[in-house]
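Subject: Structure handover

Hello,

Here is the structure we talked about. Please open it alongside this note, and then read on for what turned up.

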Amino acid sequence: MAENGETWGASEAELDPVEYTLRKRLPHRLPRRPNDIYVNMKTDFKAQLARCQKLLEGGGGGRGQGGCPEIYIHGLGLAINRAINIALQLQASSFGALQVAANTSTVELVDELEPETNTREPLTRTRNNSAIHIRVFRVTPK
Amino acid sequence: MRSPSYLPCTLLGRRRLEGVEPAALGPEGLWLCRGTPALEMSNAREKKHAKKMRNQPTNVTLSSGFGAVDERGVKHHNGNEKSFQYQKQESHSGAPQHQQPKSTHVPSEPCMNEQPCKSQCRGEKGKGQAGWRGGHQGAAREIPKYITASTFAQARAAEVNAMLKAVTQKSSNSLVFQTLPRHMRRRAMSHNVKRLPRRLREIAQKEAEKTEHQKKEHSKNKCRKARRCHLNLLLEFNRRQKKNVWLETHIWHAKRFHMVKKWGYCLGESPTVKSYRASYRAMTKHCLLQDLSYYCCLELNGKEEEILKALARMCSIDTGLTFAAVHCLSGKRQGSLVLYRADKYPEEMLGPITFIWKPEGGTSTTPVNRKLWLWTHPTLKQDILTELKLVCQCVQPPEAAASIPEVVLTPHEEKSHIKQTENCKKRKRESDGEKNTNPVKKIVGDGTRNPFQPYSWTSSTTGIVVSDFTMEMNRYRLIGPLSHSILTEALKTASVYTEVEDAETVPHSWWVEACKNPDSVSVHHRQEAFFELLGGIASPAEFPAGTVLGLTVGDPRVNLPQKKAKALPSLEKCQDNEKVRQLRLEGVPVECAHSFIWNQDICKSVTENKISEKELNQMRSELMVPGSQLNLGHRESKIPILLIQQPGKVTGEDRLGWGSGWDVLLPKGWGMAFWIPFIYRGARVGGLKEALIHSRYKGAPSIPDDFPDCPAGILFAREQENNLLEKYKRHPPAKRPNYVKHGTLSPFRCPWGQLTRDWESRITTRAESLVSPSCSWANVKSDPGREDLCVVEDEQESKLSCEAETLKDKPGEPEEMMDTDSPGAAVAGDTTGEGVCGNDSGGTKGTFCVLRSRKLLKLLAAWCHPVARRNRVAIQASRMYQQQELTRATCLPILRDYPRSLVWVSLSLLKKGNPELHTMICIPSKDDILLLNEDRLYGGPQESRHSDPFKAKARKQKEKKTEKEQKQGGQHCAIVCAEGTPGLWPGSLPDITGHCSRTLLGFVTQGDFSLAAGCGEALGFVSLTGLLEMLLSQPADKRGLVLLRTPASLQYRFARIIIDI
């Protein structure tokens, strides 16, 4: 469930790699609502787009008629581009029925440094990564 | 049958010439002589005859075959005897007198007496053929002049007896009503005897009684109601768990799972409902619950330095952090490592374990003595325990041990938590006079444990006490992101007693005591705060790996919801950002890792003071408002538990944190009380199969399957081979793959020892044959033709040698194979397997070991990465580690140090392909890689079909045997059967690396289509020598490409080797 395609931070050189092994942890996130979509770099772009469309149109069958009036597309790090791309594609293909509103934030990521020797304590380091949260919602034509 | 009137005249004439009366030619004899040449009696007929004669008394002979000829020849002089012979035959040939042909008569025979003459005539008729044949011998037949009545009658009596016997005794296996002709059969005959003809009723009755007896002798003596009565049920349950230990959730599992008896336990294999994908989803998105109570806990109690000193001999820092790691030693994290026999690293592995140190009690206890829990798999326990005793120099059980076993077996659960049957029914029965003096106790803990066997050992020199805590605790595993919300909803921390009370009056005196201590109260509050924070964290993977959190919780049954509902994380809990952040960064502090579960006495009292389910329900029913919350007040139990975070997938790059969760440790007796609340919060339950899937997707080796170098792993491989072979043999040869033709030498096991040996010899022979320093190897490598030649030569040689071997082995080997293969041997393997395994391991232990040195693995992992422009990470990493480049020179020292080693690798298929158990990992040839470069959709090369020399050989042998049989007349059937199973390679294997067109590198031990990755994924071992050899020969951007081929297929598939560390 690696939703992030985050790149490596630049400041890795300080620690001796012989003494520590780096382990990345999952980014903290809020509980997932049904209308949250976390974009990653692994899944096919088309598939993710289709998923969003399905949510909005409610064609999935199980979700009732109208689908969600709004969905949130989250992208972290490298996936920001793709999240934006998906949102714009959705908007373009909707003939003006959908609007987007973007929010950006900073996500704190935790790297764990596992010691290789018995005498050292495990360390944690935090680094920040940017994230985007795009709200895609339906506008009623006036 | 035809009458003699149709007799061809030539035959008649001949007969007359020979002086045999035509009357002697009975219809049977005639038919015989016309139908088949009686002298060359076929085999089948002989058998038929033998069958016919089975029920005959010895003095009676049937009128068929040439036996009569001899008889006649012998008895020919005694007229009396001879006549008897004829009489007998007459009775069996059974030709009625009226059938006697009219056209024939007795012209020349002087008839003295009417009676004997008649009978004689009949006799002659039956005996016609023999008489005729006798004519060839030139002896004319004489008819006796007289017979003695008494002997005659005796003979008749014997015949009649034999006939009666044959009639009454049924020779077939069928039931009576099955022997009836179809038109006489009736519906439900097997149930109702009266539907049978009256003459058969008696026999049928007997049969029916017999089968009924065989079916159920037990339990039918009592009616179902009596059997289901609580007391009897309990007795029955206790009896049934004498042999294999039942977990506390056994009954629950038995209703919903396929149960297997494994490792001395009854365990749930997998749910009976379809749930493969659902369990995967539960692990990924929801929560999967597993009962791991069968894991064994061993406790070491003693001085810290002593324990560390002793245990340092059993592990090595090479393989990762040991017991002395700072964060584990403080008790705030769980550690895991691999144990070896003392001072034997890197050989003689014992098994992987996890361990927790008891946090140093800062409050009152003496800080010197520490406790350490080792959690092992039950298959590894015995080895580890004996080694621990050896290392700690423990010999005799301590004095205390004498009393502790009583705790285990003598029902210490004297009081409330046992389901004593005190209802009125029981009293009634007591009054009936049944003996119920000592009420039956429900077995809690290990039911198979011998009370007199010590389970705690102490050492006089080091002062360490080693104790075996098997089944003293329950261990549940929650996997998946929702495990947080399930835990926080199901468990409520215990309330603290504020008012000081008399400890004696309250059942939970230990908690009253603890509440008096302000330190422990503050610790409890802090633990409570941390526990509450858990609900605000979306996934257990956000925690530091192995975080330990101690807790004291109230009875989880009290706030059981009315209906099963999925626990979902609530948004409100997620608001407390700063604290959550702290928790994620630092983990739980050491103080909060403290739990009362470490204290045996407290655990015991908690187990004893459990309010039984019945009482609880009674109280519920007495509530003023039905369905409202039950308030037990001070009577509510306080249960100390321990939560341990289990890191999911930590290695590799994708699916980080997959399969992370929490382990819950509970004191025994409380299993079901926690199990049901978890399930009511929406946890799905998995069995052993789900555990295997979990470890596979995590990329972790599962115990004991994937530890081929430990005794349990060897045993497991042996059992698995037996099972697979049995399954294979159940199919007819045409309906199962011929593995010889597929070029699969060992489809049912992985010959690790031979693989490593073959690779070693391969390298050495090549080095010798070249007689050049190692630097020139590269040249050889670049020359593709030579290498191939070399391989071909190897192949031919090996084939020749193997054939010679198999020829040699033929008489002895196959029989041995048959022995070990038979199901009986597999069952008996438990007893004999030990010795066999010992021998085997003695052989293999010296030969191979699994590489677990982290440094080397890291090096290999970097080397396995293809060095392409896109793979920045790998380059960066290698630069960072200041790694050596992959060259001959750097490989040599590794090969020297680890000549026969295996490396644990994970493989992911590039395109198509679904790896299975024992799939072969092979080295692609240069052409394969070229083809892959040209065509991106290239599926992979194919192995050409091998010939099966054994089949032809077996056929030839069979033919020979049949010829011989015909000559010698049977007897050798048993020897013919002693041939290896067709379709499998008999005898010892030839060089396995070079047997097929692609060189063999290793085997897959776990493989399937991965729902997580969306393609085939496999885990397995490869030979270190082979791996280095392959990496050296491959171009840098295609490094780590291998071919996989399943045992029953000729198709190779491309896969990439990844070494995760």
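This is a predicted model: local features need pLDDT of at least 70, side-chain atom pairs count only at pLDDT 80 or more; totals for chains, interfaces and linings use all residues.

Is strand 13 of chain B largely enclosed by the rest of the structure, or left open? Strand 13 of chain B is largely enclosed, because nine of its nine residues are buried. The cut-off for buried is under 20% relative accessible area. Lys638(B), Pro640(B), Leu642(B), Ile644(B) and Gln646(B) point one way. Ile639(B), Ile641(B), Leu643(B) and Gln645(B) point the other way, and all of these residues are buried.

Now the pairings. Strand 12 and strand 13 of chain B run antiparallel and are joined by seven bridges. Here Leu549(B) has Leu643(B) of strand 13 as its bridge partner. On to the next pair: strand 13 and strand 14 of chain B are also antiparallel, with five bridges. Leu642(B) stands opposite Leu665(B) of strand 14 of chain B. Further along, strand 4 (residues 288-291) and strand 11 (residues 473-479) of chain B pair in the antiparallel sense over four bridges. In that pairing, Asp291(B) has Tyr476(B) of strand 11 as its bridge partner.

**Nonpolar cores**

Which residues touch the most other members of the largest nonpolar core? They are Leu907(B), Ile1057(B) and Ile1059(B), in a core of 60 residues. Helix 35 (residues 854-864) of chain B gives the largest share of this core, seven residues. Leaving aside neighbours within four places in sequence, Ile1057(B) is in contact with several residues, including Cys864(B), Val905(B), Leu907(B), Leu1001(B), Val1022(B) and Val1042(B). A second, separate core holds 50 residues. Among them are Tyr497(B), Trp670(B), Ala673(B) and Phe674(B).

**Salt bridges**

How many salt bridges does the structure hold over all chains? The count is 32.

In chain A, the side chains of Arg127(A) and Asp111(A) meet at 2.7 Å, N to O. Arg127(A) lies in strand 5 (residues 123-138) and Asp111(A) in strand 4 (residues 98-115) of chain A, 16 residues apart. Arg127(A) is buried, with a relative accessible area of 16%. Asp111(A) is buried too, at 2%.

In chain B, Lys371(B) and Glu299(B) form a salt bridge at 3.9 Å, N to O. The pair links strand 8 (residues 369-376) to strand 5 (residues 296-303) of chain B, 72 residues apart. Lys371(B) counts as buried at 16% relative accessibility, and Glu299(B) counts as buried at 4%.

Glu489(B) and Arg681(B) make another salt bridge, at 4.0 Å, N to O. These two residues are 192 residues apart. Glu489(B) sits in helix 20 (residues 483-490) of chain B. Arg681(B) sits in the loop between helix 26 (671-680) and strand 15 (684-685) of chain B. Glu489(B) is partly exposed at 32% relative accessibility, whereas Arg681(B) is buried at 6%.

The network joins Arg341(B), Lys344(B), Glu348(B) and Glu387(B) through salt bridges.

**Record annotations**

UniProt, in an unreviewed entry, annotates "domain: Pop1 N-terminal" on residues 152-226 and 236-302 of chain B. The span 236-302 of chain B is 31% helix and 39% strand, and its end C-alpha atoms lie 41 Å apart.

Best wishes

Key. Residues are numbered from 1 along each chain as its sequence is written. Chains are lettered from A and ligands numbered from 1 in the order in which they are written. Side-chain values use heavy atoms; hydrogens and water are left out. Buried means under 20% relative accessible area, exposed over 50%, partly exposed in between (1.4 Å probe, protein chains only). UniProt positions are given in the numbering used here, feature names are shortened, and annotations may be inferred rather than shown by experiment. Two strands pair if DSSP finds at least two bridges between them. A nonpolar core is a set of buried Ala, Val, Leu, Ile, Met, Phe, Trp, Tyr and Cys residues joined through side-chain atoms within 4.5 Å. Contact means heavy atoms within 4.5 Å.
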